[in-house]
Amino acid sequence: MDWDAVVAQKHSSMSHLQIFSTLANKLRHQEAILFGELDRNSTFVTSETVFGLTRVKKGNPGYLLTINFGTEEKTVDVSGVEKIPASIRVMSRSIIAGDVPGVETVEDGVEETKRFDSNSVVIKPMEGKIFTFVPNFDA
């Protein structure tokens, strides 16, 4: 095991270890994750390389996982997915590989887009994103 990489990931705000820790702590007790709907309408594939999964439970925030397994950036439209509203917010995303294994180098002063229109969600190659949203049960 590369212990230097582990130490680097512990001290970085954008590392595999930090992302896993954040998601485990924030999501493992959420009602939508524990008891939310999971059926054939909860998963989808777009652009042949982007996989999506939703978890929703009435009265709780909804969650959307998207993963681009391709080698090109994709802009996907998830507005047609059941219960997804017009706007969604990034909760967390995977890292883009840097010089240190498992750690992303983040440029100072560069603002990352956190809110997306659900009809135009940008996902980089080999990137996963978790979005949160207020489910639309009226549709």
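User: Which residue in S3 is the bridge partner of Leu-53?

Analyst: Leu-53 has Leu-65 as its bridge partner in S3. This is a predicted model, in which local features need pLDDT of at least 70, side-chain atom pairs count only at pLDDT 80 or more, and totals for chains, interfaces and linings use all residues. Residues are numbered from 1 along each chain as its sequence is written, and side-chain values use heavy atoms, with hydrogens and water left out.

User: Why is Leu-64 called buried?

Analyst: Buried means under 20% relative accessible area, exposed means over 50%, and partly exposed lies in between (1.4 Å probe, protein chains only). Leu-64, found in strand S3, has 1% relative accessibility and therefore counts as buried.

User: How do you know that Glu-31 and Lys-57 form a salt bridge?

Analyst: A salt bridge requires a side-chain nitrogen of Lys or Arg within 4 Å of a carboxyl oxygen of Asp or Glu, and the closest N and O atoms of Glu-31 and Lys-57 are 3.8 Å apart, so the pair qualifies. Glu-31 lies in helix H3 (residues 31–35) and Lys-57 in the loop between S2 and S3, so the contact ties together parts that are 26 residues apart in sequence. With 33% relative accessibility, Glu-31 is partly exposed, and Lys-57, at 28%, is partly exposed too.

User: What links Glu-37, Glu-82 and Lys-83?

Analyst: These residues are linked in a network of salt bridges. The side chains of Lys-83 and Glu-37 meet at 3.2 Å, N to O. That pair links distant parts of the chain, with Lys-83 in the loop between strand S4 (74–76) and strand S5 (87–93), and Glu-37 in the loop between H3 and S1, 46 residues apart. Between Glu-82 and Lys-83 the closest N and O atoms are 2.7 Å apart.

User: Is Lys-83 buried or exposed?

Analyst: Lys-83 has 13% relative accessibility and so counts as buried, whereas Glu-37, at 35%, is partly exposed, and Glu-82, at 41%, is partly exposed.

Methods. Pairing = 2+ DSSP bridges. Helix = DSSP H or I, 4+ residues; strand = E, 2+ residues; numbered from the N terminus.
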